[in-house]
Amino acid sequence: MQAPSLHPRTVEEVRQKADIVEVIAEKVVLRKRGKNFVGLCPFHQDRKPSFYVSQPKQIYKCFSCGEGGDVLRFVMKQDNLSFSETVLQLGRRYGVNIQTASPEKKRQYEQYVSRQEKLFEILYLAADFYQHVLRSPQGEAARKYLEERQISEETQQAFQIGFAPPGWQPLYEYLVNQKHLPVKLLEAAGLIVPRSNGNGWYDRFRHRVMLPIFDTRGRVIGFGGRAMGDEQPKYLNSPETELFDKSQTLYGLNVARDAIAKQDKALVVEGYFDVIALHQAGVNTAVAALGTALGTQQVKHLLRYSESKQVILNFDADAAGVTAAQRTIDSLKDLARRGDVQLRILTIPDGKDADEFLKAHNRDAYEQLVDEAPLWVDWCIEQSLADKQLSNPVHFQQASQEGVRILSDLTDTMMRSHYIHHSAELLSRGDGRLALRLEEELRRNVRTYRWRGKESKVAERSGKLQTSESQLLQIYLHFNEHRRYIRDEMTEHELQFNLAHHRTLWRKILDLFTHEPGIEEREDDLLNSLRASCAHDEHLNQQLSHLLWLDENTRVALMRPKMVVRAAIANMELEICQKRYRYWTQLWDKAYQDGETDLARMYQNHIQAEHKKIQTLQKAAQLTFEELVQAPLFESQLP
Ligand SMILES: [Zn+2]
């Protein structure tokens, strides 16, 4: 629904009351730096913090993509809202008295606000209804179920647990027939589903234990429903609605928030009942993702409450749990590698979940697991060593390869260095001399592994290469004073054109030259002979005409032929180096995987040498505009 236009006074008041740092910090992890706050820009793929927020000026600016503005612009861009919607959203939050631009708009605004409020009211009434049913005779089986799970009545009330009775329409009857609420809004709240024959509606949740999901302000925004028997799915969640966004919501955060801030850490568990059991046992920092893997948005949400950015992920220690942990680490790696989150991994022994563990042990035992939970890198390294006999050469090889993969992921140099040392110690099992050698070995392999990922993009390369080749031929054809230099360079560096028609033309040129060495000095003679020798080949003839025709851009580029030649030659050499580089890395990969250490080391030296050459050539191949402008103009006239 379109929000109405608002009075300028209201807009101004919102701008004054909504603090930009507070609003942005909900979406972006901000660090104080001098007078400003900095973070990773949410509007582009930011690698280092380019996003600045100034509290005194109440503005933000990204120095990488250029996005910037005031608090209203940020919310508009971030939440994809219209200007009025933004003012309304912030206005309601900061208690601003909303005034519309004109009286006739007032009704429109009231409708808008009342829809949101009605949705909250409907969800509140539904939660109330389910709780009421749980306490009624109809709820007996559900009460028994909760009793078996050892969830006290006090906890049931704290989490407002309820029961959706069997039957197609009990909630519908209560909300529509008794409370006279509009059917369309019930559907918008995700509580009822239209029948497929178009004839009426039925309740989404039937015969399930109901767990309301709250926003951080404690308002119901959706439900999770646990099947009572073997019905599928075991858990049914509300669909996403105007109020309920799964990727932004964490179950239990409304009750865990204060404890997270106080204890400066957040605990993420897998299921609703893990959260409930932990809170009942007094572990008040527990929350859960909603049926999906924990996402970046949810973690950023948590980080708002923990200053030291500590997030502990609790997984079952069985195979499924380990896989889930690995997947979650992968998806949060960017945050973790930058140090935006201190990610720690807790796996519960004996394949239990948190709920079961608490029942078998006690709170203290669980708290101890939390305190001892390793950092994600340590956990990954531990996993790579699990079930391996390091005295067995095959196992040793596997473990060290796995280690290289993990270590290569670390972007921070200090951290990487620390963990290379640590891994070498683990792998050497106390043999100090071996540890030193292994450390050296690991360091080298990690370096090679990281380079391997940095191969330049093939498509981009081939475009540049094609340009270089045509430029080289154009200069050869148009400037007879450079012909000899180009020919010498090509021979000396053993260069060959990559494009087939360029190769053919070049061969023809060399043929003409061998036949009649003087021809290179005479501009027209060479061109005429070349044209004649291409006359019978339509395709080649066309390519030659392309090269002989100089458009405006090419003219500018060819104003400094010497520089262009040098850059083009470097570019062609670069191509050869990169081919060799790829070749050596393939060999290294194989040798490394086969455990052929000596061979791998030899290839590594080749890779290293090639890498150095590539870096030099990349610089030489880059012709900047400044260089072009500063170089002396070539004296002869262009054709
Ligand atoms: Zn940006």
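Mentor: Let us begin with α21 and α26, which are roughly parallel to each other, a label given to angles under 35 degrees, whereas over 145 counts as roughly antiparallel, 65 to 115 as roughly perpendicular and the rest as oblique. The model is a predicted one, in which local features need pLDDT of at least 70 and side-chain atom pairs count only at pLDDT 80 or more, while totals for chains, interfaces and linings use all residues. Residues are numbered from 1 along each chain as its sequence is written.

Helix α21 covers residues 480-492 and helix α26 residues 561-593; their axes come within 11 Å and cross at roughly 15 degrees. Helices (H or I, at least four residues) and strands (E, at least two) are DSSP runs, numbered from the N terminus. An axis is a line fitted to C-alpha atoms, for helices over the stretch in contact, and angles run from 0 to 180 degrees between N-to-C directions. The crossing of α21 and α26 is right-handed, that is, the near helix is turned clockwise from the far one by less than a right angle.

His 482, Tyr 485, Ile 486 and Glu 489 of α21 make the contact with Pro 561, Val 565 and Ile 569 of α26; two residues are in contact if their C-beta atoms, placed from the backbone, lie within 7 Å. By class, these residues are five nonpolar, one polar and one charged. Here Ala, Val, Leu, Ile, Met, Phe, Trp, Tyr, Cys and Pro count as nonpolar, Asp, Glu, Lys and Arg as charged, and the others, Gly among them, as polar.

The domain assignment, an automatic or database one, gives domain 1 (8-101), domain 2 (109-242), domain 3 (248-373), domain 4 (392-453) and domain 5 (463-628).

Another helix pair is α17 (residues 393-408) and α18 (residues 413-428), whose axes come within 11 Å and cross at roughly 170 degrees. That angle makes α17 roughly antiparallel to α18. Ala 399, Ser 400, Gly 403 and Leu 407 in α17 meet Arg 416, Tyr 419, Ile 420, Ser 423 and Leu 427 in α18. The contact of α17 with α18 has five nonpolar, three polar and one charged residues.

Elsewhere, four strands form an open sheet with parallel pairing, in the order β13-β12-β14-β15; strands pair if DSSP finds at least two bridges between them. Strands β13 (286-288) and β15 (342-348) stand at the edges, each with a single partner strand, so one side of each is left without a neighbour in the sheet.
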